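I opened this notebook to keep track of what I looked up, one entry at a time.

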Amino acid sequence: CLMLYSFYIIFVLNTALFMGAEGTGERSLMIVCGSFFFVATMGFLLLDDYVLELGLNDAYGNISEKTGRFFESYGIVMGSFGGLAVLWKLSIGLFCAILAAFLTFPGLRYAKMHLNALDDHKHSSATILLINVNFFLPLVASIMWIHPLTRE
């Protein structure tokens, strides 16, 4: 519930930025970032599970099995429709692109806040180290979800 509320707030804020009269730069940046991350996501989805194991093929197998049973209960025979795998990957790519476009401005503001903190504490090397560690820890936490890195 909290995650849906967070997505709603991000959606409302980005809608205000996107629909504003003076928001042509923000609009262009959101479109470019969304397009770039759609292409990047589709590139990652084309990688074999041996290289980058995300578990999406297992998830696709489970979804296709359950939807097949659901449609069979209503008398609709799906058969082996190969377009479902493409549709599955396109929907994941579209979701990731929209999410990345929405998170572009919070990410840029986070980076600006990081630079301001570094400027404020130029003379303390221990504080600069802690600020940099704090900046990169979300990336490290995200990377640790990838199975080949956490397996060994």
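**Entry 1, ground rules.** I noted that this is a predicted model, in which local features need pLDDT of at least 70 and side-chain atom pairs count only at pLDDT 80 or more, while totals for chains, interfaces and linings use all residues. Residues are numbered from 1 along each chain as its sequence is written, and side-chain values use heavy atoms, with hydrogens and water left out.

I looked up helices as DSSP runs (H or I, at least four residues), numbered from the N terminus. Helix H3 covers residues 56-73, and its 18 residues reach 26 Å from the first C-alpha to the last, close to the expected 26 Å, where the expected span is 1.5 Å times one less than the number of residues. Just after H3, I found Gly75 with a positive phi of about 85°. Helix H6 (residues 125-143) has 19 residues and reaches 27 Å, close to the 27 Å expected. I also saw that H6 bends by about 35° at Phe136, with Pro138 following within four residues; the bend is the angle between axes fitted to the seven residues ending there and the seven starting there.

For each residue I used relative accessible area, with buried meaning under 20%, exposed over 50% and partly exposed in between (1.4 Å probe, protein chains only). Val12 sits in helix H1, residues 2-19, and it counts as partly exposed because its relative accessibility is 36%. Met113 belongs to helix H5, residues 104-120, and is exposed because its relative accessible area is 51%. I then checked its distance to Phe135, which is 22 residues away along the chain, and the two C-alpha atoms are separated by 9.9 Å.

Is Thr41 buried or exposed? Thr41, which lies in helix H2 (residues 24-46), is buried because its relative accessible area is 13%. A polar atom of the Thr41 side chain lies 2.6 Å from the backbone oxygen of Phe37. Thr104 is found in helix H5, and it counts as buried because its relative accessibility is 10%. I noted that the backbone oxygen of Ala101 lies 3.3 Å from a polar atom of the Thr104 side chain.

Note on methods
Helices (H or I, at least four residues) and strands (E, at least two) are DSSP runs, numbered from the N terminus. A polar contact is a pair of N or O atoms within 3.5 Å; within protein, one must be able to donate a hydrogen and the other to accept it, and residues adjacent in sequence count only if both atoms are side-chain atoms.
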